[in-house]
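Please look at the sequence and the structure before reading the points.

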Amino acid sequence: MELDVLVTEGLGDSSYVLSWGDEAAVIDPQRDVERFVDAASARGATIRHVVETHVHNDYLSGALELRAASGAEIWGPAKAGYAFGYRAVEDGTEIALGDATTLLGVATPGHTPEHLAYVLRDGADPIALFSGGSLMVGDRTDLLGPERTDELTRLQFRSMRRLADLADAVRVLPTHGAGSFCAVGSPGEQRTSTIAEERAGNPAFTEADEEAFVRRQLSGLMAFPDYYAEMAPINLAGPPVLGSPPRPRAMTADEVADALAAGARLVDARDGAAFAERHVAGSLNVPLEPSFASYVGWLVPFATPLVLSVPDDEALDEASVQLRRIGWDAVLGHLGGGSDAWAASGRATSSFPTVRAEQLVDEIGAGGAGEILDVRQGTEWDASHLEGSTHVFVGDLPQRLDRFDRSERQTVICASGYRSSMAASLLDGAGVAVRLVARSGVPRALRSLASSR
């Protein structure tokens, strides 16, 4: 049996393709399923099974896409209650994979109420655990709202104790990992593990006291994207099957202007410094990084029609795939010619200055920095920040724009220049004078301050 691990970096998730002979199974696939089909094909296999550990909160499942593409059978938690046809898995259900290998469903509620892990067995011997949203990454139990958080955290504690009975050599293959907002704190870069490694290094796995476990899990939680609230209902109903959608078309400046007037939003995916130099007035800058779609889903009301502004076709394809993963199918097209074409049409563009972190430090020392806005997560701010700065997390900024004095320039900073680029575009679009700390941020500024003292 062969295993391929396919990482979706921006979501912080891993999917798995198990191949044996000419057949394959996929565990927790995202909606862009071509890569899973290709991985199986490279092994000479066709996907026959799609296995879900839980109803996903951070992306749309690719189960229906894979069934449409290959005729695969879908397996998932019986307690999920999907509205489409699937094979319901209970605690103890076995899924046969070849002659002697099975996946055994193990009820592990906590991350979600219906959650299942799957133990891969060779005969009677457990060899791997597909842990989904349980184990290894300290997965969150607050995604369904505060009214269920305590209940789910206690269920997670009991699920972890159950998994602790597995043998040391069993491989741990989680869905969530580094970069996932489904995780508590920072899970580190290691994506797979063993039960032995978890016993040695995962405090949540080894915690014997339920109350201490609850306190640990619920302390230092980061904010998670607003679009998460939309994912589970769509996954339960069954996401629309798209097949291979065409590349979004090029739109003229006139067409884009009409779309914006009708309520669409223009999202510019260029680097923050390039955006600052010139951009369509009122547009939102979300630089095209692996977490592009997550931040679009945080800063724009879900399913708002979008027009993209991108530097090239490769960026257009990447942005489109990322948005498709979270169900953002309302991409009308892209602005052909970008901000140059927009300016040539006689319509308004905007710009704002950028500043290096070291220059900002010099201004702080001279008492002339003015207002500094830190848009990192609250946990990052609590750990360290520039003296005299104020804090509004970028995900909260769309609802807080009316708090800013339009006559006071805001110098916007984050950890790297990524989130500050988004925040600067929001402030600029709201008529607030702004300056961007681009391609650097608070850590560098703090090091520079320390070295100057």
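The expected span of a helix is taken as 1.5 Å times one less than its number of residues. The model is predicted. The points below concern helix α3 and two helix pairs, α3 with α6 and α13 with α16.

**Helix α3: length and burial**
- Helix α3 has 18 residues and should therefore span 26 Å, which agrees with the 26 Å between its end C-alpha atoms.
- The buried residues of α3 are Thr-149, Leu-152, Thr-153, Arg-154, Gln-156, Phe-157, Ser-159, Met-160 and Leu-163.
- Their cover includes the strands β8 (101–107) and β10 (125–132), along with the helices α4 (195–201), α5 (203–206) and α6.

**α3 against α6**
- Helix α3 (residues 146–163) crosses helix α6 (residues 210–217) at roughly 120°, and the two axes come within 10 Å.
- The crossing of α3 past α6 is right-handed.
- On the α3 side the contact involves Asp-150, Thr-153, Arg-154, Gln-156, Phe-157, Arg-158 and Met-160, which meet Glu-210, Glu-211, Phe-213, Val-214 and Gln-217 of α6.
- Sorted by class, this contact of α3 with α6 holds five charged, four nonpolar and three polar residues.

**α13 against α16**
- Helix α13 (residues 357–366) packs on helix α16 (residues 442–451) at about 50°, with the axes 9 Å apart.
- The pair α13 and α16 is therefore classed as oblique.
- α13 passes α16 in a right-handed crossing.
- Ala-357, Glu-358 and Val-361 of α13 make the contact with Arg-444, Ala-445, Ser-448 and Leu-449 of α16.
- By class, the contact of α13 with α16 comprises four nonpolar, two charged and one polar residue.

How values were computed
Residues are numbered from 1 along each chain as its sequence is written. This is a predicted model: local features need pLDDT of at least 70, side-chain atom pairs count only at pLDDT 80 or more; totals for chains, interfaces and linings use all residues. Side-chain values use heavy atoms; hydrogens and water are left out. Axes are lines fitted to C-alpha atoms, for helices over the stretch in contact, and angles run from 0 to 180 degrees between N-to-C directions. Helices (H or I, at least four residues) and strands (E, at least two) are DSSP runs, numbered from the N terminus. Angles under 35 degrees count as roughly parallel, over 145 as roughly antiparallel, 65 to 115 as roughly perpendicular and the rest as oblique. A crossing is left-handed if the near helix is turned anticlockwise from the far one by less than a right angle, and right-handed if clockwise. Contact means heavy atoms within 4.5 Å. Ala, Val, Leu, Ile, Met, Phe, Trp, Tyr, Cys and Pro count as nonpolar, Asp, Glu, Lys and Arg as charged, and the others, Gly among them, as polar. Buried means under 20% relative accessible area, exposed over 50%, partly exposed in between (1.4 Å probe, protein chains only).
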